[in-house]
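I opened this entry to keep a record of what I looked up, beginning with the surface of the chain and going on to its helices and patches.

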Amino acid sequence: MTKHHDIADTGADDGALTAGPYSSISSKLRQFYQSVQEEGIPDRFVSLLERLDEAEKTAGHGMGMKDNTQ
């Protein structure tokens, strides 16, 4: 009989999947996730978000809606 490893199996520490067929995948995914977390938000994206917020406020005031973000 073959022993199956559960991908969703997580232990108390970050190195829970250190052995078995998924160890390399787990390690690479963890490294990728950490690198994405460390990246800053690009200035163009921040600018786009600010313009979207302003457009939503303008649209809301034009329709008599109350701004609940403050």
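I first looked up the surface: the chain exposes about 6,700 Å², of which carbon and sulfur atoms supply 55% (Shrake-Rupley method, 1.4 Å probe). The model is predicted, so I noted that local features need pLDDT of at least 70 and side-chain atom pairs pLDDT 80 or more, while totals for chains, interfaces and linings use all residues. Residues are numbered from 1 along each chain, and side-chain values use heavy atoms, without hydrogens and water.

Of the 70 residues in the chain, I found 3% buried (under 20% relative accessible area). For secondary structure I noted two helices and zero strands (DSSP runs, H or I of at least four residues for helices, E of at least two for strands).

Next I turned to the patches. Ile41, Phe45, Val46, Leu48, Leu49 and Leu52 form a nonpolar surface patch with about 520 Å² of accessible area together (residues over 30% relative accessible area and without a salt bridge, nonpolar side chains joined within 5 Å; a salt bridge puts a Lys or Arg side-chain nitrogen within 4 Å of an Asp or Glu carboxyl oxygen). Leu49 sits in helix α2, residues 43–62, and counts as partly exposed because its relative accessibility is 36% (the class between 20% and 50%).

Note on methods: Patch = residues over 30% accessible without salt bridge, like charges linked within 9 Å, V, L, I, M, F, W, Y side chains within 5 Å. Buried < 20%, exposed > 50% of the residue type's maximum accessible area, 1.4 Å probe, protein only.
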